[in-house]
Amino acid sequence: MHTVDVARVRKRFSARGRWVLDGVDLAADPGTLTVIAGGNGSGKSTLLRIVAGASEPTSGKVRRRARSVGYVPERLPTSLRMTGNQYVAHMGRMRGLTASRAARRASDLFDRLELRPGPDVPIGSLSKGNSQKVALTQALLAMPELLVLDEPFSGLDEPAAAALIDLVEEARSAGTAALVSAHDTEIAGGADESFVLTDGRLVPGLAAAATMMELLLQPLDQRAVVAALPAVLDHQWSGRLLKVWSHDADAVLRFALGAGWSLVEARRTGGVR
């Protein structure tokens, strides 16, 4: 029996707005990993919110959803004043865990994910990567039947990303169905099913999702802050060589050219998401 099953789901945010999701069918079984890729604004977060029960479709049905869901949004609200420990203790109570059991499990997860500077710091003051570790911890406090992770690797350092892959595999071994939108190619390679969300529809397979591109640019100002560019995954040579996914390349180029930079070369490197 499917852990989650959505049928013909459509979603738009105004009566005359575009269909962000336009007839999506998706099912996942216990112990499986499903990976969804797609460009910025493609509707991945919208779909995952519907799957997790945090949003309702405009039309279509969620025919089945697991009784217990661990959901990690793309980012926790920066306005949260609770510390990591306070937040996971609250979530543990909501899931029916004793305080001692929730504290033990949270301590183990914080250690494995290497939460910095620690669990007694207000979440709103943490970096994106460290607030993500708090969100992952609350989702995994009690092993859920369904784990929904929206861009969980965004902002994570390499050790935490490796720990997350291990945690997802442990959850799958316990029978959890995992649904992940991710840039990470390693977890995508281990997926039971993979899709690209494009034009509101799911297309099977990641081969067409995106290829890695390198953009060699000549900045107008050598001191320009590369981090201000959207969708840049990595940069070298004082910010002149930018690595992006192909479906984000146009947005990056528009931003850079509008800032007065010039394009020297664009090339695909063969990596896929």
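**View 1. The length of α3.** At 1.5 Å a residue, the 15 residues of α3 should span 21 Å, and because its end C-alpha atoms are 21 Å apart, the expectation and the model agree. The expected span is 1.5 Å times one less than the number of residues, and helices are DSSP runs of H or I with at least four residues, strands being E runs of at least two, numbered from the N terminus. This is a predicted model, in which local features need pLDDT of at least 70 and side-chain atom pairs count only at pLDDT 80 or more, while totals for chains, interfaces and linings use all residues. Residues are numbered from 1 along each chain as its sequence is written, and side-chain values use heavy atoms, without hydrogens and water.

View 2. A102, A106, L109, F110 and L113 are the buried residues of α3 (under 20% relative accessible area; exposed is over 50%, partly exposed in between, with a 1.4 Å probe and protein chains only). They cover an arc of only 100 degrees around the axis, which puts them on the same side of α3; the arc is taken over the directions from the helix axis to the C-beta atoms. The face turned away from this buried side carries the exposed residues R104 and D111.

**View 3. The surroundings of α4.** Of the 12 residues of α4, 11 are buried, among them G129, V134 and L136. These buried residues pack against β5 (69-72), α2 (84-94), α3 (99-113), β6 (146-150) and α5 (158-173), where contact means heavy atoms within 4.5 Å.
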